[in-house]
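Subject: Structure handover

Hello,

Here is the structure I promised to pass on. Please open it first, then read my notes beside it.

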Amino acid sequence: MTALSEILAKDVTHHVPGSHPLAGDHKGLTAVLGYYQQLGVETAGSFRVEVRQLFADGRGHVMSVHHATAERGGKKLDADGGIMFEIVGEKVTDLDECVEDLDIGNDFWA
C-alpha cells in the first residue's frame, strides 16, 4: 500500500465496472486504497493479478491487460481484464477498469 500511495494522486479515481457491491467509482486516495484492501479481505488474501501486457501512448495513458484469480465463498474467479491509467506528472489520476465478462465479476463479488 505504501508503494501505491506514492504513485496515486490524492484525488485519484478508480472506476470499477459491474453491479456488485465493490463496483462503482472509488474517489480519493483513501477510498481507492480501501477498495484494494477490500479485494484482499473479501478473498482472504487469495486475490492475484498477473499483468500480461502494458501499452503506452506517450501522452499520459497506459493500458494494462491482466489475468485475475481469487477464491471467495466457494466461488473461483479466473478472468481477464484491463485498466486504462491516466497519468499526470508522475501520479496516476484515473483508473478505468474493464473486464472481459461483466457477469463473471458480478457473480463472484455478489
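Start with one pair of side chains. Glutamate 50 and arginine 52 meet in a salt bridge, with 3.3 Å from N to O. A salt bridge here is a side-chain nitrogen of Lys or Arg within 4 Å of a carboxyl oxygen of Asp or Glu.

Before you go on, note how the values were made. This is a predicted model, so local features need pLDDT of at least 70 and side-chain atom pairs count only at pLDDT 80 or more, while totals for chains, interfaces and linings use all residues. Residues are numbered from 1 along each chain as its sequence is written, and side-chain values use heavy atoms, with hydrogens and water left out.

**The salt bridges**

Are these two residues buried or exposed? Glutamate 50 is partly exposed, at a relative accessible area of 44%. Arginine 52 is partly exposed too, with 46% relative accessibility. The cut-offs are these: buried is under 20% relative accessible area, exposed is over 50%, and partly exposed is in between (1.4 Å probe, protein chains only).

Arginine 52 has another partner. Aspartate 80 forms a salt bridge with arginine 52, and their closest N and O atoms are 4.0 Å apart. This pair links distant parts of the chain. Aspartate 80 sits in strand E5 (residues 75-88), arginine 52 sits in strand E3 (residues 48-56), and 28 residues separate them. Helices (H or I, at least four residues) and strands (E, at least two) are DSSP runs, numbered from the N terminus. Aspartate 80 counts as partly exposed, at 30% relative accessibility.

Now look at arginine 59 and aspartate 57. Their side chains meet in a salt bridge of 3.1 Å, N to O. Arginine 59 is exposed at 65% relative accessibility, whereas aspartate 57 is partly exposed at 31%. Searching the whole structure gives 6 salt bridges.

**The whole protein**

Step back to the overall fold. How many helices and strands are there? The protein has 3 helices and 6 strands. Along the sequence they follow the pattern α-β-β-α-β-β-β-β-α. The radius of gyration is 14 Å, close to the 13 Å that the globule rule gives for 110 residues, so the protein is as compact as a globular protein of that length. That radius is taken over C-alpha atoms, and the globule rule is 2.2 Å times the number of residues to the power 0.38. The C-alpha trace spans about 40 × 25 × 25 Å along its principal axes.

Buried residues make up 35% of the 110 residues. Take the contacts between residues at least 6 apart in sequence: 43% of them join residues at least 24 apart. Contact means heavy atoms within 4.5 Å.

Charge comes next. There are 9 positive and 18 negative side chains, and the centres of the two sets lie 5 Å apart. Lys and Arg count as positive and Asp and Glu as negative, while His and the chain ends are not counted. Each charge is placed at NZ of Lys, CZ of Arg, CG of Asp or CD of Glu.

Histidine 20 is in the loop between strand E1 (8-16) and strand E2 (24-27). Histidine 20 is buried, with a relative accessible area of 9%. What does histidine 20 touch, not counting residues up to four places away in sequence? The list is Gly105, Asn106, Trp109 and Ala110.

Proline 17 also lies in the loop between E1 and E2. Proline 17 is partly exposed, at 22% relative accessibility. Leaving aside neighbours within four places in sequence, proline 17 contacts Ala23, Glu97, Cys98, Val99 and Leu102.

Threonine 13 is in strand E1. Threonine 13 is buried, at 12% relative accessibility. Beyond four places in sequence, threonine 13 touches residues including Asp25, Val32 and Thr93.

Alanine 44 is in the loop between helix H2 (29-42) and E3. Alanine 44 has a positive phi of about 50°, although it is not a glycine. Alanine 44 is exposed, with a relative accessible area of 73%.

Best wishes
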